[in-house]
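Subject: Structure handover

Hello,

Here is the structure I promised to pass on. My notes follow below it.

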Amino acid sequence: MPVARLAFEGLSRRFDRLVVLDRVSGEVESGGLFAVRGPNGSGKSTLLRCLAGLLAPDRGRVVAEEDGRALANDERRRRVGLLAPDIAFYDELSVSENLELVARLRGLPPASGRAVAERLGLPAARPWRALSSGMRQRLRWAFAVLHRPRLLLLDEPFQNLDDDGERIARALLDEHLENGGLAVAASPVSLPLPRISGELRLDR
Amino acid sequence: MSSGWTAEAAAVFAKDWRAERRARHAVATLVLFAITTLVIASLALGPIGATPGERSDVASALLWILLLFAAAAGLPRVFVHEEESHTATVLRLAARPSAVFAGKLAWVASLLALLEAVATPLALALFDLPVASPGRLVLALGAGGAGLAAATTLLAAIVAQGRGATTLFAALAFPLLVPLAVLAVAATRAALGGGDAGGVLVQLFLYDSTIMVAGFLLFPVIWAP
């Protein structure tokens, strides 16, 4: 039995009259990465938000399992690690304070974000508003992996990262998959990704 | 209620105060509004009423009108800001909805308590009002403030959801806040003038309990993606 499994079947989602997702399906298990490709506006982010439980699909279903146990929608939302370009942190708080807040919300020791922040080369004392776009993406990575999720959902995971940042992010992704986690990664370009076990191409 | 839930709520509360301490948006706006309104009212109205009873009638109403307007003007941003700055996603992914509501409610209640601590002595001084029962005045302010905090937090969550929310806010604010204002004014007037406020305070506590239970039941539905 896989440690984790994520399947989605016949997912459809529209915004008013605009159909963004039309009956898309896919499945990925522990150690595998499901790649979602498609041009801008093809529904990649919408799909990931549906998988994370942040958006309810109009049709279809999402099944997320950990150790053979299906996760309810609310539980899935709190257990996944989501990296998305529209996730922002608190302007007035520093990197370490933002991570401390997330750690407290997730029931982790307040200092548990320190190690991942150091690994990602994040400036601990700098506030969110003063971070470059690359550093913001690194903080999103820290947020996504802080609680060691089994289900990692990555929307444009290497956007704005420099070579060093991308190397660290790829190492984090490799470790996640090696440790039995699964990932869904969405990107508009054909990024070289490890351990691809399934792929979905979306059209506009 | 688990310790994890309490820690989540406390984290939301502490985060809001930490951000407020650095940005000083809400406190500065609310306290300035309170001081300005009271000073203008005292200068414009002059000595209000011939007897202490008449003065306490007018001052109680003025104080709660001020608190209601301050809450309505400054506090609906409590969730709107989270949505506009995209930090709401972080809370949705990491915290239980009821813990978010509790943390926000505690923050709004503490802000209102601070506002009451500034506005009440100032109103008493400007209108030259004696306080017949200081203990009951504290109870009236506490119970009224708690109800106002719960109602405002719930309304703020509705307003933050966007389309049509402003109309909904106006429609909900009237039936939610008018009974509270009537009870809070009566309890404050009795505390200032020395009348019996026991029944009114009980009704105020019942209002508080009802609105808080409604808030905890409704918030997860309002907050759900």
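Chain B first. With 225 residues, a compact globule would have a radius of gyration near 17 Å, and chain B agrees at 18 Å (taken over C-alpha atoms; the globule rule is 2.2 Å times the number of residues to the power 0.38). The C-alpha atoms of chain B fill a box of roughly 60 × 35 × 35 Å along the principal axes.

This is a predicted model: local features need pLDDT of at least 70, side-chain atom pairs count only at pLDDT 80 or more, and totals for chains, interfaces and linings use all residues. Residues are numbered from 1 along each chain as its sequence is written, and chains are lettered from A and ligands numbered from 1 in the order in which they are written.

Chain B has nine helices and zero strands (DSSP runs, numbered from the N terminus: helices are H or I, at least four residues; strands are E, at least two). Of its 225 residues, 46% count as buried (20 or more other C-beta atoms within 10 Å of a residue's own; exposed means 12 or fewer, partly exposed in between; C-beta atoms are placed from the backbone).

Now look at helix 2 of chain B, residues 26–45. Its buried residues are Ala26(B), Leu30(B), Ala34(B) and Leu38(B). They sit on the same side of helix 2 of chain B because they cover an arc of only 75 degrees around the axis (the arc of the directions from the helix axis to the C-beta atoms). The face turned away from that buried side carries exposed residues, including Leu32(B), Thr36(B) and Ile40(B).

Best wishes

Notes:
The expected span of a helix is 1.5 Å times one less than its number of residues.
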